[in-house]
Amino acid sequence: MILQISDWWSSMEMVEKIFWSISVPFSLLFLIQIALTFVGGDIDDLSAEGDADAAVEGDTGIDFQFISLKNLIAFFAVFGWTGIICLDMGLGAGVSTLIATLAGLAMMLIMASILYFMGKLVEEGTLNINNAKGKIGNVYLSVPANRKGMGKVQIEVQGLQTLDAVTDSDSDIPTGAVIQVVDVLNDQILIVKPF
């Protein structure tokens, strides 16, 4: 077996050996990279310094990154295999290298685009309390009448939220009662009425 591999290797031209030397290790790295991505071991940035909260607050998704470790691994894997295929088709070394380079660059562009658009699939997590106007919910802690105190209501607005509430009603709204949001006071407190 080893003798057959040795004979196979020695029968190749130098250009073909270069393509094989590039394609095999980078294909293995590419497969490892894909496996790590699926099991959650994907780490692009090894520096874990800084304030995590600040990073989350300022996160607007991934910028377009044409040159990254993932893209370079993909480039060399596609470059090597495309070069081998072109040589096997009888193309010359120069044409094979040109086609392999173009195929590798196309793969880098595709991967960078996929990662860019996946990074843009982020959801804005900031609660816009004004979206609660007109919504129906339940009283969590009783709401005192005539704005004499604050209670809490649970309402479905950007997910289930428990928010402070007051009422202009002449009677208290007890826990468990169904309410409707009439307005928002100071962008913080819901004004509710019995439903």
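Predicted model: local features only at pLDDT ≥ 70, side-chain atom pairs only at ≥ 80, totals over all residues.
User: Why is Gln33 called buried?
Analyst: Buried means under 20% relative accessible area, exposed means over 50%, and partly exposed is in between (1.4 Å probe, protein chains only). Gln33 has 12% relative accessibility, so it counts as buried. It sits in helix α2, residues 14–39; helices here are DSSP runs of H or I with at least four residues, strands are E runs of at least two, and both are numbered from the N terminus.

User: Which residues does Gln33 contact?
Analyst: Contact means heavy atoms within 4.5 Å. Leaving aside neighbours within four places in sequence, Gln33 is in contact with Leu69, Lys70, Ile73 and Met111. Other buried residues of α2 include Phe19, Trp20 and Phe30, and the buried residues of α2 pack against α1 (2–10), α4 (69–88) and α5 (93–119).

User: How do you know that the span of α2 agrees with what a helix should give?
Analyst: The expected span is 1.5 Å times one less than the number of residues. For the 26 residues of α2 that should be 38 Å, and the end C-alpha atoms are 38 Å apart, so the two agree. Just after α2, Gly40 takes a positive phi of about 85°.

User: And what about α4?
Analyst: Its 20 residues should span 28 Å and the end C-alpha atoms are 29 Å apart, which agrees. Gly90 follows α4, with a positive phi near 95°.

User: What makes α1 oblique to α2?
Analyst: Axes are lines fitted to C-alpha atoms, for helices over the stretch in contact, and angles run from 0 to 180 degrees between N-to-C directions. Under 35 degrees is roughly parallel, over 145 roughly antiparallel, 65 to 115 roughly perpendicular, and the rest oblique. α1 and α2 pack at about 125°, with axes 9 Å apart. That makes α1 oblique to α2. Where they meet, Trp8, Trp9 and Ser10 of α1 face Lys17, Trp20 and Ser21 of α2.

User: Which residues does UniProt place in a "transmembrane region"?
Analyst: The unreviewed UniProt entry gives residues 18–39, 72–91 and 97–118; positions follow the numbering used here, feature names are shortened, and annotations may be inferred rather than shown by experiment. In the model, residues 18–39 are 100% helix and 0% strand, with end C-alpha atoms 32 Å apart.

User: Why is Lys135 called partly exposed?
Analyst: At 34% relative accessibility, Lys135 falls in the partly exposed class. Lys135 is in the loop between α5 and β1 (136–141). Not counting residues up to four places away in sequence, Lys135 touches Ile155, Glu156, Ile179, Gln180 and Val181.

User: How do you know that β4 and β5 pair?
Analyst: Two strands pair if DSSP finds at least two bridges between them. β4 (178–185) and β5 (189–194) are joined by 6 bridges and run antiparallel. Val181 has Val192 as its bridge partner in β5, while Val184 has Leu190. The two strands form a hairpin with 3 residues between them, and Asn186 in the turn has a positive phi of about 55°.

User: In what order do the barrel strands go?
Analyst: The 5 strands close in the order β1-β2-β3-β5-β4, with mixed pairing. The twist averages 55° from one strand to the next.

Terms used: Residues numbered from 1 in each chain as written. Heavy atoms only, no water.
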